[in-house]
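Let's take a quick tour of how two parts of one protein chain sit against each other. Have the structure open and follow along.

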Amino acid sequence: MGILNVTPDSFSDGGQFSSTDKAITHALEMCTHGAHIIDIGGESTRPGADVVSEADELARILPVIEGLVSENLSAQISIDTRRPKVAKAAIKAGASIWNDVTALSFEANSISMAAELGCEIVLMHMKGTPKTMQENPVYDNVVDEVCTYLKRRLEAAMAGGVQAKNIILDPGIGFGKRLEDNLLLLAEVDDLNALGYRVLIGASRKNFISMIDKSPADARLGGSLASALWAANLGASIVRVHDVKETAQALKVWQAMRKQKNG
């Protein structure tokens, strides 16, 4: 899954692809480099981010989705949004995945909208909101708490009409987590897999890498690749990344080595 932020304030690439033409070009490049999904976001969810209006979010994402559909994009399009109305407009325009950092809890009709749309749904764990999530997050057992939360959210989604086959789970690396929390969640990806649903891991360029080696956001490729390979090795179905070309190459080499070992 290649990340396409069409925002002015995302943590590592804010503003780079805020024009429609640049966003479309970058999405096509990511497809060429091996992306199977393009995840488009019109509202930053970085720590401390301010809320943007629904109108602004729609104005940012719809021209990009429509442009990619007109280009006959080879990859699926995912919409990274908390808002049901934005998700509905995006799916109508050509997206097929709703990536929701609030696990369908942002609005009262989030679950019913997801059921109506019938698209794939990413349910993510986040403690607090993007504005407040890094203000002293504390867990007794982060893996158990995240798994319990996601199990409750997927059960609520299915009770509201969302099909089990459409559910994807994301532990929310960097969303209301300390360094040790992020590392424990990555170390126990197989615990998430044990819930029986596809797992998405989004560790690309996240701040926990900087907490280990003090690297700026644009110098975290090594840590991002290590995280993606680790997650894939423990059974993650999707890795959400900024650096598609390098990640695709790393995964291909890892897969070749695993195939050789396993015969």
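First, a quick word on terms: domain bounds here come from an automatic or database domain assignment. Keep in mind that this is a predicted model. For this protein chain, the assignment gives domain 1, covering 1-98, and domain 2, covering 101-262.

**How the domains meet**
- If you take the centres over C-alpha atoms, domain 1 and domain 2 are 18 Å apart.
- On the contact count, 30 residues of domain 1 touch 34 residues of domain 2.
- Together the two domains bury about 2,800 Å² between them, and 64% of that lies on carbon and sulfur atoms.
- Look for M1, R82 and W98: they supply 26% of the area that domain 1 buries against domain 2, more than any other three residues.

**Charged and polar links**
- Three salt bridges turn up across the interface of domain 1 and domain 2.
- D39 and R240 form a salt bridge, with their closest N and O atoms 2.7 Å apart.
- Nine residue pairs are in polar contact across the interface of the two domains.

**What domain 1 brings to its side**
- The elements giving two or more residues to the side that touches domain 2 are strand 1 (2-5), strand 2 (37-41), strand 3 (76-80), helix 3 (84-93) and strand 4 (97-100).
- Helix 3 gives the largest share of that side, with four residues.
- Sorted by class, the side of domain 1 that touches domain 2 has 13 nonpolar, nine polar and eight charged residues.

How values were computed: Residues are numbered from 1 along each chain as its sequence is written. This is a predicted model: local features need pLDDT of at least 70, side-chain atom pairs count only at pLDDT 80 or more; totals for chains, interfaces and linings use all residues. Side-chain values use heavy atoms; hydrogens and water are left out. Contact means heavy atoms within 4.5 Å. Buried area is the accessible area (1.4 Å probe) that two parts lose on being put together, summed over both. A salt bridge is a side-chain nitrogen of Lys or Arg within 4 Å of a carboxyl oxygen of Asp or Glu. A polar contact is a pair of N or O atoms within 3.5 Å; within protein, one must be able to donate a hydrogen and the other to accept it, and residues adjacent in sequence count only if both atoms are side-chain atoms. Ala, Val, Leu, Ile, Met, Phe, Trp, Tyr, Cys and Pro count as nonpolar, Asp, Glu, Lys and Arg as charged, and the others, Gly among them, as polar.
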